[in-house]
Amino acid sequence: MRLVSIGFDPGMSGGMAVLIDGVMTAYAFESITEYNEILNNVLTFAKNEDYQIKAYVEELTGTTAGSFITPPASFKLGRNAGNIEGLLVALQIPFENVRPQTW
């Protein structure tokens with residue numbers, strides 16, 4: 001089975017990485033609209049080339065590098081993760097949350 005893997009870091013300066021046949025392309029987070037455009041292009045590619053797609057979203061833990069996240073940062077992190085998960089659901093891209101240690 002040929003697979004496109006997509007990874008998301010919903011953090012304050014997070015991003016997305018797309019892995020196809022051992023070649024990774026990374027994108028800094030600009031907006032959920034940009035993610036939508038990229039994911040639609042990936043979906044078109046996968047459909048045309050007969051690839052499966054699986055996405056992974058870094059799980060929210062409440063800490064970063066051993067220290068607690070401030071409430072405003074925590075809100076932004078949660079909002080980013082929710083936006084990403086909502087986009088994946090809307091585009092019918094299967095995903096799972098992964099712990100940062102697995103990441």
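I count a contact as heavy atoms within 4.5 Å. With that cut-off, residues 24 or more positions apart account for 64% of the contacts in the protein with a separation of 6 or more.

The model is predicted, so I took local features only at pLDDT of at least 70 and side-chain atom pairs only at pLDDT 80 or more, while totals for chains, interfaces and linings use all residues. Residues are numbered from 1 along each chain as its sequence is written, and side-chain values use heavy atoms, with hydrogens and water left out.

Fold. I looked up helices (DSSP runs of H or I, at least four residues) and strands (runs of E, at least two), numbered from the N terminus. I found two helices and seven strands, in the order β-β-β-α-β-β-β-α-β from the N terminus. The radius of gyration of the protein is 14 Å, close to the 13 Å that the globule rule gives for 103 residues, so the protein is as compact as a globular protein of that length. The radius is taken over C-alpha atoms, and the rule is 2.2 Å times the number of residues to the power 0.38.

Burial. I call a residue buried under 20% relative accessible area, exposed over 50% and partly exposed in between (1.4 Å probe, protein chains only). Buried residues make up 30% of the 103.

N80. I placed N80 in helix α2, residues 71-90. N80 has 6% relative accessibility and so counts as buried. Beyond its neighbours within four places in sequence, N80 is in contact with P10, G11 and F29. For P10, I noted its backbone oxygen 3.1 Å from a polar atom of the N80 side chain.

Notes: A polar contact is a pair of N or O atoms within 3.5 Å; within protein, one must be able to donate a hydrogen and the other to accept it, and residues adjacent in sequence count only if both atoms are side-chain atoms.
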